[in-house]
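Reader: I am new to this structure. Please show me how to read it.

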Amino acid sequence: MDLGLKGKKAIVCASSKGLGRACAMALAREGVDLVINSRTEAALEATAAEIAQETGATVTPVACDVTTEAGREAVLAACPAPDILVNNAGGPPPGDFRDWDRDDWIKALDANMLTPIFLIKATVDGMIGRKFGRIVNITSGAVKAPIEILGLSNGARAGLTGFIAGLSRKTVRHNVTINNLLPGPFDTDRLRANMKVSAEKAGISVEEFAAQRAAGNPAGRFGDPDEFGHACAFLCAAQSGFITGQNLLLDGGAFPGTL
Ligand code: NAP
């Protein structure tokens, strides 16, 4: 299926690896030119070269911390009028809320709530003027079912989700949609790092913990980041203009609710 995205321009944040990279790759396969971003320059440049080589897309790497104002400015300078914005940043660390002070909370809010909001603020009016825009926020399955050790993520992402619920109903009239993708367990470095903490707590090896967790998912496995990228491209499709304000959970069926 042609998603009608050839020649469009996208900013994909936090995309040298993992879910962000998968979204960037899926969009590039549809003919979208990209600005990709992460903090580690060498890894980002390697990813840009891989995506460009595989897809023929123009891929501009902007190495910076997207959770800072200077970082966001650098990304926007490289692509001031994007058709597509994929918001993403590293997730906050796991832990016990008794150990988190104000600075820890502000960092989590900056990364997982305020950075997407400021990038939307900088780009959405241009999208409205051009009558096309697709904004996808990578949040977390924790928005639907909180993960005990990820209190910072549970809290910050819930704030973003509430904000998007309101704004997405105001922009859709102009063919600008805003949706959230909620990853369950996808096989990325982030998942491995979180499982290390849980495995230590449970007193078993990380391999044992990972095997148990994968087996416990209805799909019997973790998600493949490519599957996540496909969902992102689908939401960005020209034909997806009637889908807005949605929270699409990709978790192999782990969330037990009927709706
Ligand atoms: P990952 O494999 O660790 O990749 C994270 C990417 O983000 C890397 O490219 C990293 O590069 C970049 N990054 C991190 N902080 C950044 C910053 N401040 N500015 C710019 N780039 C930054 O993580 P992932 O699994 O893809 O997770 C992506 C998001 O989904 C996270 O917020 C995570 O919490 C959430 N999530 C993931 C899962 C899962 O199962 N994987 C489940 C639920 C939620 P640098 O470190 O070089 O900057």
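Reader: Which residues are buried in H4?

Author: This is a predicted model, where local features need pLDDT of at least 70, side-chain atom pairs count only at pLDDT 80 or more, and totals for chains, interfaces and linings use all residues. Residues are numbered from 1 along each chain as its sequence is written, and side-chain values use heavy atoms, leaving out hydrogens and water. Buried means under 20% relative accessible area, exposed over 50%, and partly exposed in between (1.4 Å probe, protein chains only). Helices (H or I, at least four residues) and strands (E, at least two) are DSSP runs, numbered from the N terminus. Among the buried residues of H4 are Ala-108, Asn-112, Pro-116, Ile-120 and Met-127.

Reader: What covers the buried residues of H4?

Author: Contact means heavy atoms within 4.5 Å. The cover includes helix H3 (69-78), strand E5 (133-138) and helix H5 (151-171).

Reader: Where does H4 bend?

Author: A bend at a residue is the angle between axes fitted to the seven residues ending there and the seven starting there. In H4 that residue is Asp-110, with a bend of about 45°.

Reader: At what angle do the axes of H6 and H7 cross?

Author: Axes are lines fitted to C-alpha atoms, for helices over the stretch in contact, and angles run from 0 to 180 degrees between N-to-C directions. The axes of H6 (residues 189-202) and H7 (residues 206-216) cross at roughly 105° and come within 9 Å. H6 and H7 are therefore roughly perpendicular (65 to 115 degrees). Residues that meet include Leu-191 and Met-195 in H6, and Phe-209 in H7.

Key
Angles under 35 degrees count as roughly parallel, over 145 as roughly antiparallel, 65 to 115 as roughly perpendicular and the rest as oblique.
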